[in-house]
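Work through the exercises below with the sequence and the 3D structure at hand. Try each task before reading its solution.

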Amino acid sequence: MQYLANPTRFLKLTNPLIPLAWWVMFILLAVGLYGALVSSPPDYQQGESVRIMYVHVPAAWMALFVYSVMALASAVAVIFRHPLADVAAKTAAPIGAVFCFLALATGSLWGKPMWGAWWVWDARLTSMFVLMLLYLGYIAIWQAIDEPHRAAMIARIVALVGFINVPIVKFSVDWWNSLHQPASVFRMSGPTIAPSMLWPLLVMGLAYTFMFVALHLIAIRAEIAARKIRQIHIAEIGER
Amino acid sequence: MDTAANHVGFVMAAYLLSFLCLVALATFIIARDRRLKAEVELLERDRNRKKTS
Amino acid sequence: MKLFLALIRRDLVLSLRQGGGAGTALGFFLTVVVLLPIGLGPDQALLGRIAPGALWIALLLSVLLSADRIYQQDYEDGSLDIMTMGPVPFELVALAKSIAHWLSTSLPLAVAAPILGFLVNLEPGSVLPLAMAMAAGSIALSLLASIGAAVTVGLRRGGLLVSLLVLPLYVPVLIFGMSASSGVSGPDIAIPSFLILLALALASLVLSPLASAAALRSYLK
């Protein structure tokens, strides 16, 4: 990991990975969308609206996954003071926020035909809403504090304190009687969902994951460039 | 998919929204990356020019 | 230990003398509680049903609004700087200040709220469960608000940010506080909820000083 602390070396290693990630993503997306919209069966009770699951669940998975990445990067920043850890956390947040928003929005579009309500304040939805607030709060910290090093220190704390919500989201449907569907994929005794629906779901999940990888790496590269620009400006002021 | 089924509008809205948001996100990130890369190259060219002059 | 208690006493004396924060919190609380029946109309049954929730929310907001008092003054006049160099570990300083806030603001409100419940037609059977739940929850409320206060202490316009940061932490406290407060839901739900509320309070006793101290240090460097 210390090997990758040098930004130039990091970029040299990761730049070729980006087009690879895009290609894998596109292939997975094509396969997944075919599975989601064509080959998988309509639900016995819900009919075609079950197909929303194939964009809703991956988005929700990503919202949780990206926040975990943010929290992990923040922990690395606190413990090891790795120079790129803060960059990784900062750049992940907007991506995770978009996934979180999509999870909430597609969930609403699914909830209206399925439950008759755009929104209910049950445990799973409430905790995902809380996750959205955490993302926005984290992004706001970076905007609100001018000095980058101080912003990084505060942002780490916010990310780590907020991480408590992630297990709550995951287990909320188990702990509370909820309107939301209980866990049917990531369970101790194995998934309960039909295989013809499971594989498109997993493929879409992987596609979203590779999308995140590609976008995150690009965003890190951009952030490294932004820091370099700032350093050059500071150096120029010093030279005058 | 049965395109005449009940609630199929919701399905299409969900996929369309996902597509638009993710494309917008990707555009924003890639555009920022390109803009900053150009700026860095410009600044470094200026800096090299100043050094050699 | 003596220094720790001295810090608490110092903050308590300061808040009593200035009256600002605790007074603001109480004023806000009374405003909400008085305006609610006026706004909702004469339906006493409706009022009675939402009374525990309304009192909890009023408590939450009052604590949140008064939280910036915990560190602001000492940050601005440099006392916080001096405290980082003192004999007491800075985490305990943060804990002492948070406890002082709890004693001066949250706890009095938590005690007063069920008593003022008659203003919102609170069911008499709910008064004791509500009081106990609020007393336990108020610890968590002060400590979690303290994190928000610490994270935004150096910001000029930190108001919205505090809410954005503290709200996610308040949600579990509110949820379990509500299920522990209702005399109607019965002891089967109320007692485990109360225990979870206590657990949240204890967890925040540990988490909050660590997070607050770390945040404050970033501003003091």
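The exercises that follow concern a predicted model.

**Exercise 1. The make-up of chain A**

Task: State how many helices and strands chain A has, and give its pattern along the sequence.

Solution. Step 1: chain A contains eight helices and zero strands. Step 3: the C-alpha trace of chain A spans about 75 × 35 × 30 Å along its principal axes. Step 4: of the 240 residues in chain A, 45% are buried. Step 5: take the contacts in chain A between residues at least 6 apart in sequence; 75% of these join residues at least 24 apart.

**Exercise 2. One residue of chain C**

Task: Decide whether D11(C) is buried or exposed, and find which residues D11(C) touches.

Solution. Step 1: locate D11(C) in helix α1 of chain C, residues 2-18. Step 2: a residue is buried if 20 or more other C-beta atoms lie within 10 Å of its own. Step 3: D11(C) has 22 C-beta neighbours inside 10 Å, so D11(C) counts as buried. Step 4: leaving out residues up to four places away in sequence, D11(C) touches K97(C) and A100(C). Step 5: D11(C) and A96(C) are 85 residues apart in sequence, but their C-alpha atoms are 8.4 Å apart in space.

**Exercise 3. Which chains touch**

Task: Find which of the two touching pairs of chains has the most contacts, and describe the residues on the side of chain B.

Solution. Step 1: chains B and C do not touch, and their nearest C-alpha atoms are 23 Å apart. Step 2: of the two pairs that touch, chains A and B have the most contacts. Step 3: this contact takes 32 residues from chain A and 27 residues from chain B. Step 4: sorted by class, the side of chain B has 18 nonpolar, three polar and six charged residues.

**Exercise 4. Two helices from two chains**

Task: Determine how α5(A) and α8(C) are oriented to each other.

Solution. Step 1: the axes of helix α5 (residues 123-144) of chain A and helix α8 (residues 159-181) of chain C come within 9 Å and cross at roughly 150°. Step 2: angles over 145 degrees count as roughly antiparallel. Step 3: α5(A) and α8(C) are therefore roughly antiparallel to each other. Step 4: the crossing of α5(A) past α8(C) is left-handed. Step 5: the residues that make the contact include L133(A) and G137(A) of α5(A), and L164(C) and P168(C) of α8(C). Step 6: by class, the contact of α5(A) with α8(C) has 12 nonpolar, two polar and no charged residues.

Terms used
Residues numbered from 1 in each chain as written. Chains lettered and ligands numbered in written order. Predicted model: local features only at pLDDT ≥ 70, side-chain atom pairs only at ≥ 80, totals over all residues. Helix = DSSP H or I, 4+ residues; strand = E, 2+ residues; numbered from the N terminus. Buried ≥ 20, exposed ≤ 12 C-beta atoms within 10 Å, placed from the backbone. Contact = placed C-beta atoms within 7 Å. Nonpolar A, V, L, I, M, F, W, Y, C, P; charged D, E, K, R; others polar. Axes fitted to C-alpha atoms, helices over the stretch in contact; angles between N-to-C directions. Parallel < 35°, antiparallel > 145°, perpendicular 65-115°, else oblique. Left-handed = near helix turned anticlockwise from the far one by under 90°.
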